[in-house]
Amino acid sequence: MLLHTFLFVFIAEMADKTQLMMMALTNRYRMKSVILGMMLGVIIISAFSTLAGDLIGDMIPMQFIKLAAAAMFLGFGFFNLRITKEESKGHHIFSIAFTFILAELGDKTQLATVALSADHMDQHLQVFLGASLGLIMANIFGIFAGKFIFAHLSEDSVKVVSSFFFFLFGSITLFEAYPAAPFFYIIYSILIISIACMIYEKSHKEIA
């Protein structure tokens with residue numbers, strides 16, 4: 001059961017939004033902090049999913065979770081355009097862990113862990129270990145891939161690309177919780193792009 005859960009979660013997590021978010025975070029934080037924060041988040045969400053995942057919807061409204069996750073992703077996107085190398089050296093393990101947990105709540109890998117746990121009530125430990133290892137290995141792969149990709153881009157390109165990921169998944173999460181009319185999507189996109197451009201330009205002027 002451990003191997004089955006590991007392979008299932010590992011494959012499901014590949015190219016998932018959480019993995020891409022971890023890739024983007026390698027630009028904002030040191031790799032060690034991202035890995036430790038991710039692992040802490042994995043342990044918490046895997047334990048929660050294995051033991052009480054079916055109660056998530058009753059305890060915390062999913063719309064609230066998605067709104068909080070969207071706000072954090074968008075906030076990271078804006079702040080990432082201003083961050084300096086000195087700021088990125090700080091340790092923010094708990095912040096990364098919290099981000100990971102928010103991103104995983106209601107995600108397909110989290111729901112898969114809940115389902116596997118419900119189908120194998122006598123093998124909770126194996127499900128927990130398999131899910132944890134699957135998430136950790138998939139996201140470590142993403143973190144190293146992000147570090148490698150960003151190492152071959154200019155600093156400005158890294159900021160723009162990583163912020164794009166934050167904006168993209170923040171927006172997807174927001175509109176999953178609160179669908180809107182097509183016209184609103186256009187206004188929203190223009191607003192996000194305008195604010196991002198202003199922050200980016202202001203950051204360059206301050207450096208100059």
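Modeller: Here is a short chat about the helices, a surface patch and one glycine.

Biologist: What should I know before I look?

Modeller: This is a predicted model, in which local features need pLDDT of at least 70, side-chain atom pairs count only at pLDDT 80 or more, and totals for chains, interfaces and linings use all residues. Residues are numbered from 1 along each chain as its sequence is written, and side-chain values use heavy atoms, with hydrogens and water left out.

Biologist: Thanks! How many helices and strands does the protein chain have?

Modeller: The protein chain has 11 helices and zero strands. Both are DSSP runs numbered from the N terminus: helices are H or I with at least four residues, strands E with at least two.

Biologist: And what percentage of the residues is buried?

Modeller: Of the 208 residues in the protein chain, 47% are buried. Buried means under 20% relative accessible area, exposed over 50%, and partly exposed in between (1.4 Å probe, protein chains only).

Biologist: Let's do packing. At what angle do H2 and H7 pack?

Modeller: About 155°, with the axes of H2 (residues 17–28) and H7 (residues 93–104) 9 Å apart. That makes H2 roughly antiparallel to H7. Angles under 35 degrees count as roughly parallel, over 145 as roughly antiparallel, 65 to 115 as roughly perpendicular and the rest as oblique. Axes are lines fitted to C-alpha atoms, for helices over the stretch in contact, with angles from 0 to 180 degrees between N-to-C directions.

Biologist: How about H2 and H9, where do their axes come?

Modeller: Within 8 Å, crossing at roughly 45°. So H2 is oblique to H9.

Biologist: New topic: which residues make the nonpolar surface patch?

Modeller: Leu2, Leu125, Leu129 and Leu133 make a patch of about 330 Å². Helix H9 (residues 124–151) gives the largest share, three residues. Patch residues have over 30% relative accessible area and no salt bridge; nonpolar side chains (Val, Leu, Ile, Met, Phe, Trp, Tyr) are joined within 5 Å, like charges within 9 Å. A salt bridge is a side-chain nitrogen of Lys or Arg within 4 Å of a carboxyl oxygen of Asp or Glu. Areas come from the Shrake-Rupley method with a 1.4 Å probe, and for residues only the protein chains shown count as cover.

Biologist: Where is leucine 2?

Modeller: In helix H1 (residues 2–13). Leucine 2 is partly exposed, at 33% relative accessible area.

Biologist: Last one: is glycine 77 buried or exposed?

Modeller: Glycine 77 counts as buried because its relative accessibility is 0%. Glycine 77 lies in helix H5 (residues 62–80). From C-alpha to C-alpha, glycine 77 is 9.9 Å from isoleucine 192, while 115 residues separate them in sequence.
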